[in-house]
Amino acid sequence: MHHFSYRDGALFAEDVDLRRIADEVGTPVYVYSSATIERHYRLYAEAMQSAAPAGKAHVFYAMKANGNLGVLKTLAALGAGADTVSEGEIRKALAAGFPADKIVFSGVGKSESELRFAVQAGIYQVNIETEGELDLLSTVANQLGKRQEAVFRVNPDIGAGGHAKITTGSSENKFGVSFEEVGRLYGRAANLPGVRMMGLALHIGSQIRETESFEAAYAKMAVLVADLRAEGHRVERLDLGGGLGIPYNIPKAFDHGPDLIEAYAAMVKRVTDGLDVELGFEPGRLIVGNAGILMTRVLHLNPRPTKQFLVVDAAMNDLVRPAMYEAYHEIWPVLEPQAGTPEIAYDVVGPICESGDTFTSGRALPALEPGDLIAFMTAGAYGASMASTYNQRLLVAEVLVKGGDYAVTRPRQSYEDLLGTDRAPPWLA
Ligand SMILES: *Cc1c(COP(=O)(O)O)cnc(C)c1O
């Protein structure tokens, strides 16, 4: 479910008319709904609490899905933790008010300086992905006179997800230490002064809309927990990752409801029952995906003998998912189409000099004119967070709505900011 709906002929975000945001902030612009973020976080957190013994479920929002300060502060205020993948994300999580002891540091390639920053900040947990990282973390923490709590991210050799580029749990993927290696590494870690191994983590992929792949992977982890304990190792935490998917193909009045979340929670409870571990969860897309849209204005029509191109002011640098993952986003006109309006099959494209800058081909939409506003729905996850300045386009603006209020939580980049950081080489200055 989300809080974007038509009222009196126009699309609203909660109680704010999107035309007002377009007028006052310009386009393209991301618009996020606080109510949707809060609803999804609460649904998820409550379901996971019910899957674990009291006080043993911990939710760390995967902030790479959407790192907007307003979104982060909204989630921090609800008591969420943060799953981070870089020093920049740790810094931003702290700035947004996530306490250090609710921050997890994941990621395939953490540098020495990033690990030092994380240990110094006193974060909850480092998810170690390689033997080299184990040694580096221990050395760095020991130099600081600390012992960092950590888990091994295991590759369960079960991958899943909506697209090959977002599958992470197969042994063919670059993520995690292999199942066979964990025991040996646990043994080594016991003799290292700078780490305290607390357990295991996994994350098998993204946009997963069933529970079977999770279940297969988690069942393997449960066996591993028992094996490690039998060898005398401490296993107190099991971080189950994120990856639960959302519906992108949303009929206008459809409430996707809590079904998948509840099925997932029931499965987690079943598979981890009696394990006596703290459970960690790292949802990203599920919390913010349906909570955001990208609003864009039609610039031009480009009719061809076989096609009708609709050129809009957003491009692949603002929303790369269609170009990168062949992702589908519904398109809703901001002015509610009148019954009986003829539909036209449009190729909706951005201004960037690449044919890949195509949001969709042959999509039936009500006839549109230059100046009309449309919204790419379900753009709250991996939208603005993956934006770039390709083609020297300004980083897109972001707005957070709450009830009848809205705030620009990231102003559109200025040309001074875009060009001002460049430096000419001295021999050409
Ligand atoms: C990306 C990522 C997540 C979040 O994935 P979603 O599909 O957005 O839920 C969680 N954990 C790790 C380690 C990740 O890399």
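Q: What are helices and strands here, and how are they numbered?
A: Helices and strands are DSSP runs, helices having at least four residues and strands at least two, and they are numbered from the N terminus. The model in view is a predicted one. In this structure, Gln308 lies in strand E15, which covers residues 308-312.

Q: How many helices and strands does the chain have?
A: The chain has 12 helices and 21 strands. Its radius of gyration is 23 Å, close to the 22 Å that the globule rule gives for 429 residues, so the chain is as compact as a globular protein of that length. Along the principal axes, the C-alpha atoms fill a box of roughly 70 × 60 × 40 Å.

Q: Is Gln308 buried or exposed?
A: A residue is called buried when its relative accessible area is under 20%, and exposed when that area is over 50%. Gln308 has 18% relative accessibility and therefore counts as buried. Leaving out residues up to four places away in sequence, Gln308 touches Leu301, Asn302, Pro303, Ile344, Ala345, Tyr346 and Asp347.

Q: What share of the 429 residues in the chain is buried?
A: Buried residues make up 56% of the 429. The accessible surface of the chain is about 17,600 Å², and 52% of this surface belongs to carbon and sulfur atoms.

Q: What share of the contacts in the chain comes from residues 24 or more positions apart?
A: The share is 71%, counted among contacts with a separation of 6 or more.

Q: Where does Glu398 lie, and which residues is Glu398 in contact with?
A: Glu398 lies in strand E20, residues 397-402. At 6% relative accessibility, Glu398 counts as buried. Beyond its neighbours within four places in sequence, the contacts of Glu398 include Tyr30, Ala384, Ala407, Val408 and Arg410.

Q: Which side chain is joined to the side chain of Glu398 by a polar contact of 2.7 Å?
A: That side chain belongs to Tyr32. The side chain of Glu398 also makes a polar contact with the side chain of Asn68, at 3.1 Å.

Q: What does Asn68 do at the N-terminal end of H3?
A: Asn68 caps that end, with a side-chain oxygen 2.9 Å from the backbone nitrogen of Gly70. Helix H3 itself covers residues 69-77, and Gly70, Val71, Leu72, Thr74, Leu75 and Ala76 in this helix are buried. After H3 comes Gly79, whose phi is positive, near 95°.

Q: Which phi value does Glu14 have, a residue other than glycine?
A: Phi of Glu14 is near 50°, which is positive. Glu14 is found in the loop between strand E2 (10-13) and strand E3 (16-17), and with a relative accessible area of 10% this residue is buried. Gln207 is another case, with a positive phi near 55°. Gln207 has its place in the loop between strand E11 (195-201) and helix H8 (212-230), and is buried at a relative accessible area of 15%.

Q: What kind of peptide bond joins Thr27 and Pro28?
A: The bond is cis, with omega about -5°. Pro28 is in the loop between helix H1 (18-25) and strand E4 (29-33).

Q: Where is the place of Tyr124?
A: Tyr124 is in the loop between helix H5 (112-121) and strand E8 (125-128). Although this is a loop position, Tyr124 counts as buried, at 17% relative accessibility. Its contacts outside four places in sequence include His58, Phe60, Asp101, Gln148 and Arg237. Tyr61 is 63 residues from Tyr124 in sequence, and their C-alpha atoms are 14 Å apart.

Q: Where is Thr389 found, and which residues is Thr389 in contact with?
A: Thr389 is found in the loop between strand E19 (373-376) and E20. Its relative accessible area is 29%, so Thr389 is partly exposed. Apart from neighbours within four places in sequence, Thr389 is in contact with Leu395, Gln413 and Leu418. The C-alpha atoms of Thr389 and Ala266 are separated by 43 Å, the two residues being 123 residues apart along the chain.

Q: How many positive and negative side chains does the chain have?
A: The chain has 40 positive and 53 negative side chains. The centres of these two sets lie 3 Å apart.

Notes: Residues are numbered from 1 along each chain as its sequence is written. This is a predicted model: local features need pLDDT of at least 70, side-chain atom pairs count only at pLDDT 80 or more; totals for chains, interfaces and linings use all residues. Side-chain values use heavy atoms; hydrogens and water are left out. The radius of gyration is taken over C-alpha atoms; the globule rule is 2.2 Å times the number of residues to the power 0.38. Buried means under 20% relative accessible area, exposed over 50%, partly exposed in between (1.4 Å probe, protein chains only). Contact means heavy atoms within 4.5 Å. Accessible areas come from the Shrake-Rupley method with a 1.4 Å probe; for residues, only the protein chains shown count as cover. Lys and Arg count as positive and Asp and Glu as negative; His and the chain ends are not counted. The place of a charge is taken as NZ of Lys, CZ of Arg, CG of Asp or CD of Glu. A polar contact is a pair of N or O atoms within 3.5 Å; within protein, one must be able to donate a hydrogen and the other to accept it, and residues adjacent in sequence count only if both atoms are side-chain atoms.
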